[in-house]
Structures are given as structure tokens and as C-alpha cells.
Amino acid sequence: MTSIAARFVAADRLRELFPGFAVSALVAATAQFLSDHYGAPAMLLALLLGLALNFLAEDGTRTAPGIAVTARSVLRLGVALLGARISVDMLAGLGGPAIALVIAGVILTISFALLVSRFVGRGWRFALLTGGSVAICGASAAMAIAAVLPKHEKSERDLVFTVLSVTVLSTVAMVVYPMLANLFQFDARDSGVFLGGTIHDVAQVVGAGFSISPETGETATLVKLIRVSMLAPVVLCFSLVIRQMGLADQDAEKRPPLLPGFVIGFLILAALNSLGLIPPVLADWASTFSRWALLIAIAAVGIKTSLGRMLEVGPVAVILLVAETVFLGIFIVTGLHLLG
């Protein structure tokens with residue numbers, strides 16, 4: 001009898017969550033359709049369409065519970081599945097100096113964000129959120145980092161602002177950076193390192209790289225995935241430091257685990273892929289599923305967020321994100337010149 005009752009409870013819970021999930025999935029599918037036909041980034045379109053549907057997340061609506069769960073759980077599934085694209089062989093193929101340059105770029109960009117945020121009156125949470133998203137992998141990193149930061153009344157607003165901003169900046173970079181690579185007279189490999197080491201989102205890296213040449217596109221994608229592989233250690237470091245300094249939520253129910261389950265899933269899949277236990281076809285499916293999960297999740301995040309509240313962030317926050325993007329670009333270009 002207990003198992004039957006549990007099944008009824010689970011079924012009721014699914015019925016409660018389905019309308020919100022369905023709306024988020026519909027927004028994501030619409031965004032992908034518009035992206036395929038008009039060329040704009042699907043992630044950006046999903047976020048903007050979601051913002052226009054904020055009324056669906058208001059208390060008392062049938063869609064609110066499902067939207068809240070989709071924004072949290074589906075997001076974590078999407079981030080975890082990114083690990084299926086990471087392998088040790090991928091890292092070894094690029095060479096030590098280039099890997100060191102990319103890793104240094106991640107660390108120094110986050111450090112730069114923390115430093116500059118103190119001078120412009122932004123908190124350390126915002127600095128870690130924006131710095132990590134610029135340094136690692138744009139919207140995906142922002143959503144993963146937000147999961148381990150202590151919550152406050154503006155957490156959701158800051159997350160949506162960061163996702164929107166890095167997606168726009170990444171789109172601009174996809175157009176401008178290939179021209180800069182030509183201006184700097186980079187060869188195909190260096191162009192790939194430059195694009196993969198500086199553009200925020202994976203899709204824009206692929207678009208920019210293959211617009212130059214197949215070799216540049218392959219190198220850019222490889223470098224970008226190395227930055228993606230930094231997601232797990234960075235999230236772990238953030239979590240450790242936050243706890244060590246006593247900045248974590250004191251409420252045990254609100255406090256995130258030291259290493260969230262989705263990050264552990266990311267690491268397990270990366271390890272399995274490194275051991276050759278994930279067939280290429282399965283890795284491709286995981287990548288596609290991850291992209292759709294992240295797209296549905298960002299649509300839900302957009303629906304949950306009020307556009308009016310997001311505008312409260314102010315121009316200083318925009319300047320900080322642009323400064324972080326410029327810093328990373330200058331660092332990678334300088335490093336490539338020094339490496340010869």
C-alpha cells in the first residue's frame with residue numbers, strides 16, 4: 001500500500017510540474033527555430049522570450065512550480081552532460097604552453113573581476129558570477145556557479161543579467177574576433193587558440209572558428225572545451241573558499257553541498273570519456289541533450305525573472321563585464337605573442 005501511495009504522490013507531483021516544464025520547452029523550441037532561420041543565438045532568444053512571459057511564473061499560476069524546478073534541475077542535468085565531451089587526450093593534443101595559457105586566463109580573469117568589483121561597488125558574489133562566466137563558458141558557467149553561491153534577494157536577477165550580457169558579448173565577439181585574428185596575423189592554430197580562449201559560449205566559438213578555416217575551427221573548439229573542463233575545479237574552489245571564510249548560508253537546508261551532484265556527474269562523464277568508455281555516438285547524443293537541457297533551463301530562468309528588476313543592475317555592471325572580456329582578450333593575445 002505504501003508503494004502505491006508513493007506512486008500516486010509522484011504522479012501528482014509530475015502533473016503539477018508538467019505545465020511549467022512544457023512552457024519552458026516550448027519557449028526553447030521556438031528560440032531554436034528562430035535561431036536556425038535568422039542566425040541569432042538560441043540561448044539569447046530563449047532568455048528574451050522567457051522574460052516576456054514573466055507573468056507565467058507568478059505565485060498561484062499552474063506553471064510556476066514547473067518553471068522553478070526546470071530552472072534548477074534541468075539546468076544541472078545539462079551542465080553534467082557537458083562532461084561527456086571532455087577527455088585527457090583532448091588536453092594532451094594541444095600542448096603544455098597553450099594549455100597553461102588558457103588555464104592562466106581563467107584564473108586571472110576571475111581575479112581581475114574580484115579586484116575591479118571592489119572599486120566599482122559590486123559585491124564578491126557578482127564578481128565570481130561574472131568573472132567565472134567570462135573566464136570559463138558563458139551562460140553554462142554562470143548557472144553552475146550560481147548554484148554554489150550563497151543566495152540573496154538579487155541572486156536570480158544577477159544570474160539572468162549575467163547570462164544575457166555574456167551571450168550578447170559572445171555574439172559580438174563571434175563577428176569581431178575573426179577580423180582581429182586576421183589583423184594580428186595569427187596562423188590557423190593561433191587563431192583557434194585566440195578564439196577558443198576568449199569567446200564565452202561554445203556555439204559562438206564554433207561559428208567564429210570555422211568561419212576562418214576548418215583547422216582554426218577544430219583548434220578553437222578544442223581550446224574552448226579545455227576552458228569548459230575548468231568548470232568543475234573552479235566550482236569546487238569557490239565552494240571551499242566560501243565555506244572556509246564562513247560566507248556560506250548558515251541554514252543547513254539552504255547550504256549547497258561542497259561539490260554539487262551535477263559537478264560530480266560532469267567529472268564522472270569526463271573520466272569515462274577519457275577511458276574510452278563512452279562511444280562517440282553516445283557522446284554526441286549527450287552533447288545534443290545537454291544543449292537542449294541548457295536551452296530549456298535558460299528559458300525557465302528567463303520566465304522567472306522580471307525585466308524591470310533586471311534593469312536595476314545598472315551600467316556599472318555592464319562596464320564590469322565588458323572590462324573582464326577585454327582583459328581576457330588582451331591576456332590571450334599577449335600570451336600568444338610571447339609564445340611565438
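**Figure 1. The largest nonpolar core of the predicted model.** This close-up of a predicted model shows the largest nonpolar core, which is built from 65 residues. If you want to find your way around, start with I136, L159, V163 and I298, the residues with the most contacts inside this core. Helix α14, spanning residues 280-304, gives the most to the core, supplying ten residues. There is also a second, separate core, with 30 residues, and L101, F186, L195 and L336 are among them.

**Figure 2. The surroundings of L159.** Here we zoom in on L159, one of the residues with the most contacts inside the largest nonpolar core. Which residues is L159 in contact with, once its neighbours within four places in sequence are left aside? They are L129, A142, M143, A146 and V301.

**Figure 3. Helix α2 against helix α8.** Two helices share this view: α2, covering residues 42-52, and α8, covering residues 155-183. Their axes lie 9 Å apart, and the helices pack at an angle of about 140°. That angle makes α2 oblique to α8. The crossing of α2 past α8 is left-handed. On the α2 side, look for M43, L44, L47, L48 and L51, which meet V160, V163, L164, T167 and V168 of α8. Sorted by class, this contact has nine nonpolar residues, one polar residue and no charged ones.

**Figure 4. How helix α2 sits in the structure.** Staying with α2, this panel turns to burial. Eight of its eleven residues are buried, so the helix is largely enclosed by the rest of the structure. The buried residues are A42, M43, L44, L45, A46, L47, G50 and L51. Among them, M43, L44, L47 and L51 also meet residues of α8.

Figure 5. T216 belongs to helix α11, which runs over residues 214-229. Is T216 buried or exposed? It counts as buried, because its relative accessibility is 0%. Not counting residues up to four places away in sequence, T216 touches A188, S191, G192, L195 and G209.

**Figure 6. Stepping back to the whole chain.** After the close-ups, here is some context for the protein chain. Its secondary structure comes to 16 helices and zero strands. Of its 340 residues, 51% count as buried. Taking contacts between residues at least 6 apart in sequence, 79% join residues at least 24 apart.

Methods. Residues are numbered from 1 along each chain as its sequence is written. This is a predicted model: local features need pLDDT of at least 70, side-chain atom pairs count only at pLDDT 80 or more; totals for chains, interfaces and linings use all residues. Side-chain values use heavy atoms; hydrogens and water are left out. A nonpolar core is a set of buried Ala, Val, Leu, Ile, Met, Phe, Trp, Tyr and Cys residues joined through side-chain atoms within 4.5 Å. Buried means under 20% relative accessible area, exposed over 50%, partly exposed in between (1.4 Å probe, protein chains only). Helices (H or I, at least four residues) and strands (E, at least two) are DSSP runs, numbered from the N terminus. Contact means heavy atoms within 4.5 Å. Axes are lines fitted to C-alpha atoms, for helices over the stretch in contact, and angles run from 0 to 180 degrees between N-to-C directions. Angles under 35 degrees count as roughly parallel, over 145 as roughly antiparallel, 65 to 115 as roughly perpendicular and the rest as oblique. A crossing is left-handed if the near helix is turned anticlockwise from the far one by less than a right angle, and right-handed if clockwise. Ala, Val, Leu, Ile, Met, Phe, Trp, Tyr, Cys and Pro count as nonpolar, Asp, Glu, Lys and Arg as charged, and the others, Gly among them, as polar.
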